[in-house]
Structures are given as structure tokens and as C-alpha cells.
Amino acid sequence: DGCGHTVLGPESGTLTSINYPQTSPNSTVCEWEIRVKPGQRVQLRFGDFDIDDSDSCHSSYLRVHNGIGPTRTEIGKYCGFGFQMDGLIKSRSNEVTVQFMSGTHTSGRGFLASYSTTDKSDLITCLENASHFSEPEFNKYCPAGCVIPFAEISGTIPHGYRDSSSLCMAGVHAGVVSNTLGGQINVVISKGIPYYEGSLANNVTSRVGPLSTSLFTFKTSGCYGTLGMESGVIPDSQITASSVLEWSDQTGQVNIWKPENARLKRPGPPWAAFISDEQQWLQIDLNKEKRITGIITTGSTLPEHYYYVSAYRILYSDDAQKWMVYREPGIDKDKIFQGNTEYYQEVRNNFIPPIIARFVRINPLKWHQKIAMKVELLGCQFSIGRAPKFTMRPPPPNSDNDKNDAFSDDFMHSVRTSLETDKTTFTPEIKNTTVTPSVTKDVALAAVLVPVLVMVFTTLILILVCAWHWRNRKKKTEGTYDLPYWDRAGWWKGMKQFLPTKSADHEETPVRYSSSEASRLRPREVPAMLQTESAEYAQPLVGGMVGALHQRSTFKPEEGQEGSYADRDPYSSPAPELYHAYAEPLPITAPEYATPIVMDMCGHGSAPLGAAPVSTFKAAGAQGALPAGPYDSLSCRTESPASARALYDTPKGQPGPGAAAELLYQVPQGLPH
């Protein structure tokens, strides 16, 4: 009477003392006989060990033996409070006996242990959780029987489970491993979330959980997609049932809860059977064979109709004629799946191993008020060789003496068939195309280097293009006197002033100085002499010889007017103008008045002789006005011999030209003599 929670699977299992994790009762005993496949050995791991050692393991202890029966030999005898047994206890054969003895004691929880075959080196117990491991990803082997009433989990798939949850119990809830068989889990640790949902799946209830620092999920094969009930991929004609509920409401309207209403998450009424008994069924035709890994069910989803199915069987077929009931490997009875506990919640059950079939039937065995449900099948396509059905064949009749042998043969057949099923999912051609590790490293290295090199070369090209573009813009903007290259007409017009003008139409009248000083100057020195006193307003550039000097006004512009060499001078000749597009810069300390006009005066009248000449030069300091008198005359070509001498221009409104021998400086407009 000392045996507690016990699940002895064909390759692994879990066993506890009675009343664990509470104090075990006095004077109890329990013995477990464990057998695995011949040729294998058994290994035992303790998750918790707390047995009273007050009498030095005399009346309370745990003893492990090699073998079963009278010929067994002892491996070890153990007791102690909080005894830490980190290692594994291994047998020398495929059979082990575990004996627990509880004498008179006042405390002690007893023990929890898990076992497996020795090829499962990463065996853990049902008490392990994610916080016991520091790796971000790891693989462990969960034993059978980890759905224990004293363990708790929080969360669900695909969001993840709280780090305080039992790894193996969460694996059963997620449908990764079977509670009857155990199995390998691949765990991934990630950052926690503020809230963990609760759900019911595979007879395991997940609780709502608060915020945690981390969570874990499982890597799976990915064959858990929906097969078309909710989406409508399965047409209504492929959903049938044993009977249909028809009834009239208070208004006299007839309601028919047809089989096609049994689509999960679809609004409206469900499918319901006309008669509620164990002979009713809902059938789904998948149109071809599929790999079916699970099923989700709900009740009526209508608050006013509190109907649901609480237990059911699964049958499957290839032709809808011969039906097989789903059974777990090594179990000689039909598997009963836990259904809903209320009308709205979704409940998931997984098939481990999966079902390979075209037709699926749900056979309700227990229900609340009426048989009513909505369903969805989970799985994926199955296009490779069909796996044999091993859950159909019941064990042959045997005598009581051969019962254990029959169980062993049936289990071996199930394991052998399961291995064959796994092999048929991969063809030899796929295996032969496996990339070697060295090639894989090269491919991974190339996958990293190629994008990096492309980005580097692209960056260099962009830098060169930007530098070239910036250099061109700098060339366009540097220099005040540069001409824009796109203005072809203006460019040619500016270039003509640097070319000698031999055309008669464009030749201007040369300027001659009558004084000996002016006559001694070379033509290139004339502009320098004229600019001895710098003007406030610059003259246009002079191109060519003295004969190309511009006849431009040097008067200071009036208020409101903008001085520009583009404006025509009223005194200029009608000859075409040739001048540079930009003027020379003004000096920093320039005089207020411009330099004297140098121009051909042949076309102007002479001022009266004896008129007082007025200088347009600004006097330096307190220098007085220049004395009146004749100045050097300028010789010019004229058609009238009488006009052999010329004077400087006089302001508007002043007396006419004076003596031909005198030349006056120009007086600014608006100033008195």
C-alpha cells in the first residue's frame, strides 16, 4: 500500500512514494518491477529524495535491485532527509526492481524517480523546469508519466510557457511528447511576457500566470496547421453525421443543426445529434490521405444552449468502410480523449504518433445535456509512402500465463512499426543530398561575405559619384568672373571682346593724345594711366588696343536707378558695343568721382574759349581748384577742318563749347560752376 503515482512505459516511466509530496504514512511498502526491451539497460534518476534516516536505513529506505524475482541482486540501499543524488543508477540487465519501505517516522516526503533506457543520456525528471538550465536552447528526454497532480504549468502554445512550469508536463500540454510514452523535447528560452493564458490540452490544465523574466517554447516538426474546417477548404458535402437535430423554437421557426455547422470559430449553432447516445458520430472527409496530428473541439458556443461533449473516441479509415479506433502504442484498449468541460472553451488533443488517413470520425462517449460540438483537425499534407497502421490490431488472445509475453510482443511490434513510419517520411534521394559540414560552413561564410562586399562596393561608388558631383558644382560657383558654360550666346558675346575687331563696321575711332607725354605712352599703358586716380564706379574691361576703349558714361547713377553697363549711354556712338559681362572690382579706398572721360570728341561742339574749366576730380585734402588754362589737346579725325581741337564734355545746360584750343573736365550734372 505504499505505491504513489506510477506510469511504467515501455522505454521510460515515473514512480513516486504514496502521498508524495506530503509526508508518507507509516508502515507501508511498495515494489515496482521495470522491464525494457531485451538488450537494453535501465537507468534511474531521482528528482526528490526525503526518507527518514533516524534508524540508519533500518525501517525506512529505498532499495534498488538488478533483475526481478528471487535471483535479483542489490545495487544499493538509500535513505536520508534531503538526500542529493545527482548521478544515475544503472542496471546490468533490462530488468530492475525498486523497493520502498516506510517504517515509523514523523516526517519525510518520500521520493520521486524517473527511469529510461540507457541510450537516453539526457534523461530528466518531471520536476525539472526551465529555470534549472542556463542554456538558451537545449534538448532533454522526458519520461512517461509526467502529468502529475502536484505540478503546475502556466501558458500555452504558441505564446510560450512560464519559466516556473514543469518542462515535461508543458511538453505534454503542447503535444510534443506523450504522457504514455515520453519523448525528446527541444526547448528554447526567451524573454518573458506580462501574462500567460490558461487552456486545457491533452488532459493537462494550464493555469493563468503572471509576469516572469523568461519563458520557454518547443521546436516541433511544424505539422500542426489547420486542415480546412474553419477556413472552408473542406466543403459542406464532405462533412456528414449519424443524425441531425431539428427543432422549432417558440416563434415556430424550424432550426436545423446540420453537420456543416460543426466548423470551429464559425458563428451560429453547432452540429448536434438528434439522439444522444454512444452510436452517434461526426465524419470528415479530407479528400485524400493527410497526416493528422491533433483535434480541437468546443461545445455549442451558445450560452442559451449549454451543450458539449466531454469524452470521445477517434476512428479513421481510408475508404469509409473499414474503420480503426485510435490506440496508443503498447496499449490494448481504445484511447479515450478528454473533451470539453463547458460550452465555449477550446480543448486540444494531439495524436502521438499521428494518424495517416482520409476519413476521420468523432464518436462522442460522454456529453452534457445533448451531443453538440464544433471541431477542427490539425496536421499537414502526406505525399510520401503510406505508413502502416499499427494501432488497429488488438493483441491476440492469450492465456494468463502468457499475458506478459503478449504485451511485450505487442509493444515490440508497435515500436518496430513506429520506427518504420519514421523511416518512410524520408526518401533515400533526400538523404543523399545532405550537405557535408564543411560545405555547410563555406555556404554560410559566403552567405555573409557576399552581401557585405556588395554593400562596401556600393558605398565606394556612391562616395565617388558624390565627390565628382561636388567638384563640378564647386567649379561652377568659384570665381566671380566665370561665365556659365550653358549660356552659349553670352559666352560668345563675351569672347568677342578678346578678339581683334577688323571689321569696318565695328572699328571705333582711335584716341590720340596731342601732348608729348601721351604720345610717348605705349598703347597698353594708356588704361593704366587713365586709372591712376581710381573711379568709384569701375569702367568696363578694355579688350584689344586703345582703339577698343568703351565709350561709356562715368556719371554716378541717380537715386532710384541702378548703375549697369548694360544701360546705353546717351553720348555713345551708334557703333555696336563690345564689353565684358562683368566689371572689375572697386578698390577699397576709391575716390568719390570718376576718372575723366576719354572719348572721341569729334562729334561734339566746342566750348567757348576762356570759359573756366571745372575739374571733376575730388581735391585731396585742402587743395584748391585747378587753375584755369589750356590743357593738352586731343587730336581726332574729323571731316571739318575747323574743328581741329576738342574739349571735355560739359554739364547739361552750360554754355556751348569754348575755344578750340581748350579742353575742360566734365562737371557732374546738377552742380553749379
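Modeller: Valine 7 has threonine 14, in strand 2, as its bridge partner. The model is a predicted one, in which local features need pLDDT of at least 70 and side-chain atom pairs count only at pLDDT 80 or more, while totals for chains, interfaces and linings use all residues. Residues are numbered from 1 along each chain as its sequence is written, and side-chain values use heavy atoms, with hydrogens and water left out.

The pairing of valine 7 with threonine 14 belongs to a hairpin of strand 1 and strand 2, with 3 residues between them. Strand 1 covers residues 3-8, and its antiparallel pairing with strand 2 runs over 4 bridges. Strands here are DSSP runs of E with at least two residues, and helices are runs of H or I with at least four, both numbered from the N terminus; two strands pair if DSSP finds at least two bridges between them.

Asparagine 19 has a positive phi near 70 degrees, although it is not a glycine. Its relative accessible area is 44%, which makes asparagine 19 partly exposed; buried means under 20%, exposed over 50%, and partly exposed in between, with a 1.4 Å probe and protein chains only. Tyrosine 20 is joined to proline 21 by a cis peptide bond, with omega about 10 degrees. In general, most residues other than glycine have a negative phi, and most peptide bonds are trans.

Valine 64 has valine 98 of strand 8 as its bridge partner.

Cysteine 57 is joined to cysteine 79, with an S to S distance of 1.6 Å. Cysteine 57 sits in the loop between strand 4 (42-50) and strand 5, and cysteine 79 in the loop between strand 6 and strand 7 (89-90), so the link spans distant parts of the chain, 22 residues apart. The torsion about this S-S bond of cysteine 57 and cysteine 79 is about -80 degrees, and therefore the disulfide is left-handed. Cysteine 57 is buried at 14% relative accessibility, and cysteine 79 is buried with a relative accessible area of 13%.

The disulfide count comes to 5. Among them is the link of cysteine 142 and cysteine 168, whose sulfur atoms are 2.2 Å apart. This link of cysteine 142 and cysteine 168 is left-handed, with -90 degrees about the S-S bond. Cysteine 142 belongs to strand 10 (residues 137-142) and cysteine 168 to helix 1 (residues 167-174), so the pair ties together parts that are 26 residues apart in sequence. Both cysteine 142 and cysteine 168 are buried.

Note on methods:
Disulfide = S-S within 2.5 Å.
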